[in-house]
Structures are given as structure tokens and as C-alpha cells.
Amino acid sequence: MDQIKIKTGVLIEIENGAVKETSLGVMTAAAGQDIYALILGRDASAVNAPSVNAPSVNAPSVKDKLAEYGAGTIVSISGAEDLSAYPDLQALALASAVKEYNFETLLGTASATGRDIFARLAAILDAPLVSDCVEINIEEKIVKKSHFSGKTMATLKANGSIFLCTIRPNSIEPVAAATAGQLVEFTADTQSTGLIKIVETKKATKGLLDLTEAPIVITGGRAIKAAENYGMLETCAQKLGAAVGASRAAVDAGFAPHSMQVGQTGKTVSPKLYIACGVSGAVQHYAGMKTSKVIVAINEDKDAPIFSKCDYGIVGDIFDVVPVLTEKL
Ligand SMILES: Cc1cc2nc3c(=O)[nH]c(=O)nc-3n(C[C@H](O)[C@H](O)[C@H](O)COP(=O)(O)OP(=O)(O)OC[C@H]3O[C@@H](n4cnc5c(N)ncnc54)[C@H](O)[C@@H]3O)c2cc1C
């Protein structure tokens, strides 16, 4: 017997004209369901750039990319105002789409944007929201997420007619599942004036990639010794297409800004590859990167705790090993 498909909306995030990889992962989380890719205030037929580093006019449109990853319907949502500047209007527009299409589940990325909009949406719809999940069973409305700085994994079941969930970036690998992908336009009922306007968005001073969404992260700990030595990691990061992170010890020492800190009181990352350079592996650091798919540690102390938490370890001085790694890359 055919499985009954659940109407699932997925909020798509677009950067530099391209669908973010993390949004494709969220679509894969909804694989097998009746997926509606929701785009706020954008033209989905516009050209898509395949990556930040290598834009191409031959790339598929946003619509085609979403169809390739399982979106049966691509909904381009507009409102009375320019939605992109107003988080509250974006939430109202999504709420309007939820009612129009009768979604049972609405998914997004646990990014800065996703966290903001979904919290507002949960309040508007009076619906249950679980943030930063690493696994989801849409039929059962059951999700898994880490609690207590990654020490335990909680299994949660949501009740309610609509279930809202944000997925941790990179926790689900995007898998293509081509559909015909029908593009529709929806004008949301957002007559009210936005209460908060985004006037300017500034990128973090360092790095091209968002730390929480980067597929590869290379982190420097206290051993980096000086702010300028992060240049060594940045050169390596450029070769890898990685973002650069820091431990709290490095941040406290003034070598890196707090926006680069990974860990319990910093950012949670879940890349495909995490390279820890001169990081001891304290539990508070591990809490922020333990769900990385592959962990590589470079440390001169063979007894450093990080070596019991990594997949590959190199015992050596980071100032010897990292330049060789960069050279090889
Ligand atoms: C409430 C609380 C919250 C915290 N939150 C965070 C957090 O969010 N993120 C975080 O990172 N920490 C956090 N900490 C701090 C945490 O406990 C550790 O102190 C911190 O992670 C240590 O950073 P580190 O590994 O860079 O430094 P260290 O522990 O000093 O380790 C440095 C490592 O570098 C190695 N080393 C030195 N020189 C070299 C070299 N030339 N080449 C190779 N290896 C070398 C050493 O062998 C050592 O293992 C928190 C602590 C508390 C109490």
C-alpha cells in the first residue's frame, strides 16, 4: 500500500542567489513527504549560483535546484511590503501560507534566520516548535535533539495539528530526489506594518562562510598564540572551503572574536569535517562540535583528551603540520 504523504512546508534560505546546502539537507529530512519549498520574497525562477566561490550563469534556477531535491511544489511567497526586511512580516507571511496550504509540518534550518522566524511563527500559530533537531520522523512527529551540552540525546513527540521544527545545519546530508517541481506564486495577507526592520546585515569580519553552516571547520585553540596566526588557518581554510573557528581559551586571550567560538558558550557546529588545531578537547568545547561527521585533531601532546574524541589524530606542532597540510591541498 502506498504511504500517505504528509504535506510538509520547508522554508528555503537563499544566499548570493543560491539555495543554501543546509536547506537542501532540510528537504532531505522530509524525503518521501509531499514537499512544498517555501521562498520568501524571491523570484524562484532566477539564476542559481552553485556555490559562493564559483558562481555560474549556467547553474540551474532556484526552482530547478529545489525540484532536483524533492520539492513537488515551489511556492514563491510575496507580501504587501518587501518581506526580506521584516522578520515579523516573514513569520506572518509563512503563517498565511500554512493556512492556505494546510501544512501538517513546517521545517526550517536552525540558522539565525530560521530560529528567529520559527519562534515568531510558533507564537502566531500557537503551535509546538522544537529547535535544532538532528533527526526527525515526520509521520510520528518525533524528533531527536541534544540536551545538556550534548551529554544526552532527547526524543520528543509533538502534539498539535501543525508541527514546527528546525534542523541543525549539516546534520542531514542532502540527497537528490528529482521531481517535476511546479512553481506557484502566493501573495500573503501581511497588511500590517513590520514592527522590526532589518536595516543592515554585516558579515562577521573573518571568513566567507558562516561557521554554523560551513561543511568544513578548522579551529585554532590556545596554541595559536596570537591573532595574526589565524592567518595560517585561514589560508588552509580557503583551500578546503572551510570556516575558521576558535576555542574559548583563544577567544578569552583576545586572539579571535567571540563570533568564532565553538562550544557550550559559543556556536554549535556539525560539519562534515572538523579539524581541531591545538585544542585540548575540554567537554565544553566538545559540546559544540561533537556531531561533526569526521573529527581530526592536531596536538603536540599525545595524551591530550581530544585524541580520545577524534577519528584521526596527528601528534605534532600545529605550526609544522598546518602549513604542510595547506601545501598538500
Ligand atoms: C561554563 C563554561 C563554558 C565554556 N564554554 C566553552 C566553549 O564554548 N568553548 C570552548 O572552547 N571552551 C569553553 N570553555 C572552556 C573549556 O573548559 C576549556 O578551557 C577550553 O576549551 C580550552 O581551550 P583550548 O583547548 O584552546 O586550550 P587548552 O586547554 O589550553 O589546550 C591547548 C592545547 O594545545 C596544545 N598545544 C599547545 N601548543 C601546541 C602546538 N604548538 N601545536 C600543537 N598543539 C599545541 C596543548 O597540548 C593543549 O592540548 C568553557 C568552560 C566553562 C567552565
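Colleague: Taking contact to mean heavy atoms within 4.5 Å, which strands does helix α3 lie across?

Modeller: In this predicted model, helix α3, covering residues 87-101, lies across β1, β4, β5 (73-78), β6 and β12, and runs at about 120 degrees to β12.

Colleague: And which strands does helix α1 lie across?

Modeller: Helix α1, made of residues 21-29, lies across β1 (7-11), β4 (34-40), β6 and β11, with its direction at about 150 degrees to β6.

Colleague: What order do the strands of that open sheet have?

Modeller: The open sheet has 7 strands with parallel pairing, and their order is β7-β11-β6-β1-β4-β5-β12. The edges are taken by β7 (129-133) and β12 (182-187), each of which has a single partner strand, so one side of each is left without a neighbour in the sheet. On average, and ignoring direction, neighbouring strands of this sheet are turned by 25 degrees against each other.

Colleague: Over how many bridges do β6 and β11 pair?

Modeller: Strand β6 (residues 105-109) pairs with strand β11 (residues 163-167) in the parallel sense over 5 bridges, and the bridge partner of T105 in β11 is F163.

Colleague: Changing topic, in which sense do β9 and β10 pair, parallel or antiparallel?

Modeller: They pair in the antiparallel sense, with 6 bridges between β9 (residues 142-147) and β10 (residues 152-157), and I142 stands opposite K157 in β10. The two strands form a hairpin with 4 residues between them, and F148, which is in the turn, has a positive phi of about 50 degrees.

Colleague: Now for α8: which of its residues are buried?

Modeller: Helix α8, residues 318-328, has I318, V321, V322 and T326 as its buried residues. They cover an arc of only 130 degrees around the axis, which means that they sit on the same side of α8. What covers them includes α5 (230-240), β15 (273-277), β16 (294-299) and β17 (312-315).

Colleague: What does the face turned away from the buried side carry?

Modeller: That face of α8 carries the exposed residues D320, E327 and K328.

Colleague: Which residue caps the N-terminal end of α8?

Modeller: The cap is D317, which has a side-chain oxygen 2.8 Å from the backbone nitrogen of F319.

Colleague: Last one: where does pLDDT stay under 50?

Modeller: The values stay under 50 over residues 49-55, a stretch for which the model has 12 contacts beyond four places in sequence. For the protein chain, the average pLDDT is 90, and 92% of the residues score at least 70.

Note on methods: Residues are numbered from 1 along each chain as its sequence is written. This is a predicted model: local features need pLDDT of at least 70, side-chain atom pairs count only at pLDDT 80 or more; totals for chains, interfaces and linings use all residues. Side-chain values use heavy atoms; hydrogens and water are left out. Two strands pair if DSSP finds at least two bridges between them. Axes are lines fitted to C-alpha atoms, for helices over the stretch in contact, and angles run from 0 to 180 degrees between N-to-C directions. Contact means heavy atoms within 4.5 Å. Buried means under 20% relative accessible area, exposed over 50%, partly exposed in between (1.4 Å probe, protein chains only). The arc is that of the directions from the helix axis to the C-beta atoms. A polar contact is a pair of N or O atoms within 3.5 Å; within protein, one must be able to donate a hydrogen and the other to accept it, and residues adjacent in sequence count only if both atoms are side-chain atoms. pLDDT is the predictor's confidence in each residue, from 0 to 100.
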